[in-house]
Amino acid sequence: MPTTYSIVIPAYNEGGRLAPTLEEVSMYVARQRWQAEIIVVNDGSRDDTGDIARAFARRNPVIRVIDNPGNRGKGYSVRNGMLNASGDVLLFSDADLSSPITEAPKLFAAIAAGADVAIGSRWAKPETQTERQSIVRQVFGRVYNLMLRAILGLNYKDTQCGFKAFTREAARTIFASQRVERWGFDPELLFLAKTFGFRVAEIPVVWAHVGNSKIHPFQDGARMFKEMMDVRWNSMTGKYAKRIPAAAAKAAKV
């Protein structure tokens, strides 16, 4: 049967929490009776992440594993999973399930209502955060958000929540043009969605900070700023693939 939903989970050294995550996601998919696939993208993990994922895949045909050619970054991992997915609606979720998989129907409903991209948001309704980040991370996030508004014109309350869904057309178009491979890839996705004329819906989701984050607010923050400027430069120099939005293409034929 055709696959309705693809759920992509990027994973780097997630041996300590991948098993409960796959258990939870696969059980929820079964309860919902979705025609779905769960794709774990192993980003060159140095622990037993790949072994755990493959063990689950052997027991459950809904799960499959993609191995990156070494450690390439979260952005590369998400792109790799998305471009190898077969669903009509494609969602990526962090391996720590900081937004629980039970929130996925909210994004799917937004897609069904006409959005091309639905992004989970921690700040659209701040009260949905059951466990907040440290003050340092919150301040960094707010400053980064202001820079994204000023430099890339991204007027969203939250670009960084690792819980986003795409129609198949939007995913194929956006991820084929994505260039940022590490932490700064989320703003690039939204910038490309805007550039290509896709409709984006920002949806409040339940979210909780989970410890052992792999992102360093200062070291990785500097890299993310550079990647933001790279997106602006890529756009100015015409490095992103051109696409005529569907509505404009239809009008041009009349």
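This is a predicted model: local features need pLDDT of at least 70, side-chain atom pairs count only at pLDDT 80 or more; totals for chains, interfaces and linings use all residues.

The questions and answers below set values against definitions.

Me: What makes up the secondary structure of the protein chain?
Reply: The protein chain has nine helices and nine strands, where helices (H or I, at least four residues) and strands (E, at least two) are DSSP runs numbered from the N terminus. Of the contacts in the chain with a separation of 6 or more, 79% are between residues 24 or more positions apart, a contact being heavy atoms within 4.5 Å.

Me: Why is helix α7 called largely enclosed?
Reply: Buried means under 20% relative accessible area, exposed over 50%, and partly exposed in between, with a 1.4 Å probe and protein chains only. Nine of the eleven residues of α7 (residues 185-195) are buried, and the helix is therefore largely enclosed by the rest of the structure. Among these buried residues are Phe185, Pro187, Leu189 and Phe191, together with the acidic Asp186 and Glu188. In the protein chain, 52% of the 254 residues count as buried.

Me: Why are α6 and α7 called oblique?
Reply: Helix α6 (residues 168-177) and α7 pack at an angle of about 120 degrees with their axes 9 Å apart, the axes being lines fitted to C-alpha atoms, for helices over the stretch in contact, and the angles running from 0 to 180 degrees between N-to-C directions. Angles under 35 degrees count as roughly parallel, over 145 as roughly antiparallel, 65 to 115 as roughly perpendicular and the rest as oblique, and α6 and α7 are therefore oblique to each other. The contact brings Ile174, Phe175 and Ser177 of α6 against Glu188, Leu189, Leu192 and Ala193 of α7. These residues divide into five nonpolar, one polar and one charged, with Ala, Val, Leu, Ile, Met, Phe, Trp, Tyr, Cys and Pro counted as nonpolar, Asp, Glu, Lys and Arg as charged, and the others, Gly among them, as polar.

Me: What makes α1 roughly parallel to α2?
Reply: α1 and α2 pack at an angle of about 25 degrees, with their axes 10 Å apart. That angle makes α1 roughly parallel to α2. Leu18, Ala19, Leu22 and Glu23 of α1 make the contact with Thr49, Ile52, Ala53 and Phe56 of α2, and by class it has six nonpolar, one polar and one charged residues.

Me: How do you know that Arg122 and Asp158 form a salt bridge?
Reply: A salt bridge is a side-chain nitrogen of Lys or Arg within 4 Å of a carboxyl oxygen of Asp or Glu, and the closest N and O atoms of Arg122 and Asp158 are 2.7 Å apart. The pair links distant parts of the chain, with Arg122 in the loop between β5 (117-121) and β6 (129-131) and Asp158 in the loop between α5 (135-152) and β7 (163-167), 36 residues apart. Both Arg122 and Asp158 are buried. A search of the whole structure finds eleven salt bridges.

Me: Are Glu181 and Arg72, which also form a salt bridge, buried or partly exposed?
Reply: The closest N and O atoms of Glu181 and Arg72 are 3.2 Å apart, and the residues lie 109 apart in the chain. Glu181, at 22% relative accessibility, counts as partly exposed, and Arg72 is partly exposed with a relative accessible area of 28%.

Me: Why are Arg54 and Asp51 said to be separated by about one helical turn?
Reply: Arg54 and Asp51 are three residues apart in helix α2 (residues 49-59), and therefore about one helical turn separates them. Their salt bridge has its closest N and O atoms 3.4 Å apart, and Arg54 counts as partly exposed at 31% relative accessibility.

Methods
Residues are numbered from 1 along each chain as its sequence is written. Side-chain values use heavy atoms; hydrogens and water are left out.
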